[in-house]
Amino acid sequence: MDDPSNALAVALFSEILTADQLVRNRLSRILPKGMEISHFSVLNHLARAGVERSPAQLARSFHVTRGAMTNTLGKLEWAGYIHIRPDWDDARRKMVAISPAGRRARDSALAAISPMIGELIAELGEDKVRAMLPILRELRLKLEDG
């Protein structure tokens with residue numbers, strides 16, 4: 001364990017995991033009542049994509065099991081935030097689209113979290129954030145390959 005590369009790896013992942021936990025805690029407190037981070041993430045994804053996605057496609061995008069995605073989609077459908085319909089080309093599949101209520105909920109969540117994100121960026125400095133993005137993106141891509 002005295003290997004410097006091990007210490008570097010432990011320090012890197014410790015910082016990433018701690019930052020992830022702190023961001024999730026802050027977001028959970030700020031998101032509109034009843035909205036979970038997973039709900040916001042799916043609504044944001046659907047809103048940005050602008051097209052329907054299958055539950056399997058969503059599960060792959062978020063690196064979760066189909067069961068976990070089905071659970072999240074069930075809650076979003078119950079809240080009226082998404083529409084789930086049969087796939088007209090393959091009756092075994094379903095397609096998911098964001099509803100107008102889901103778009104409003106996503107916009108409300110974005111309005112709630114934007115000040116916190118803006119404050120963090122201002123404190124860190126835009127130049128540092130811009131410099132971090134390519135490194136974080138490369139790390140994510142490396143992890144996706146594995």
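Residues are numbered from 1 along each chain as its sequence is written, and side-chain values use heavy atoms, with hydrogens and water left out. Because the model is predicted, local features need pLDDT of at least 70 and side-chain atom pairs count only at pLDDT 80 or more, while totals for chains, interfaces and linings use all residues.

**Helix 4**

Begin by selecting residues 66-78, which form helix 4; helices here are DSSP runs of H or I with at least four residues, strands are runs of E with at least two, and both are numbered from the N terminus. Helix 4 has 13 residues and spans 18 Å from its first C-alpha to its last, close to the expected 18 Å at 1.5 Å a residue, where the expected span is 1.5 Å times one less than the number of residues.

Now colour M69, T72, L73 and L76, which are buried in this helix; buried means under 20% relative accessible area, exposed over 50%, and partly exposed in between, with a 1.4 Å probe and protein chains only. Looking down the axis of helix 4, you will find its buried residues within an arc of 100°, so they line one face of the helix; the arc is taken from the directions from the helix axis to the C-beta atoms. G67 and W78 are exposed on the other side of helix 4. The buried residues pack against helix 2, helix 3, strand 1 and strand 2, contact meaning heavy atoms within 4.5 Å. After the helix comes G80, whose phi is positive, near 85°.

**The nonpolar core**

Next, select L31, M35, L43, L46, L73 and I82, the residues with the most contacts inside the largest nonpolar core, which has 21 residues. Such a core is a set of buried Ala, Val, Leu, Ile, Met, Phe, Trp, Tyr and Cys residues joined through side-chain atoms within 4.5 Å. Helix 2, helix 3, helix 4, strand 2 and helix 5 each give two or more residues to this core, and helix 2 gives the most, with 6 residues. Centre the view on L43, which, not counting residues up to four places away in sequence, touches M35, L76, Y81, I82, I98, G102, A105 and R106.

**Salt bridges**

A salt bridge is a side-chain nitrogen of Lys or Arg within 4 Å of a carboxyl oxygen of Asp or Glu, and by this rule the count comes to 8. Select E36 and K75, whose closest N and O atoms are 3.8 Å apart. E36 lies in the loop between helix 1 and helix 2 and K75 in helix 4, so the pair ties together parts that are 39 residues apart in sequence. Then select E52 and R85, a salt bridge with its closest N and O atoms 2.7 Å apart; E52 is in the loop between helix 2 and helix 3 and R85 in strand 1, 33 residues apart.

**The loop at D87**

Finish with D87, found in the loop between strand 1 (82-86) and strand 2 (94-98). D87 counts as buried because its relative accessibility is 8%. Its side chain makes a polar contact of 2.8 Å with the side chain of R93, a polar contact being a pair of N or O atoms within 3.5 Å; within protein, one must be able to donate a hydrogen and the other to accept it, and residues adjacent in sequence count only if both atoms are side-chain atoms. A polar atom of the D87 side chain also lies 2.9 Å from the backbone nitrogen of D89.
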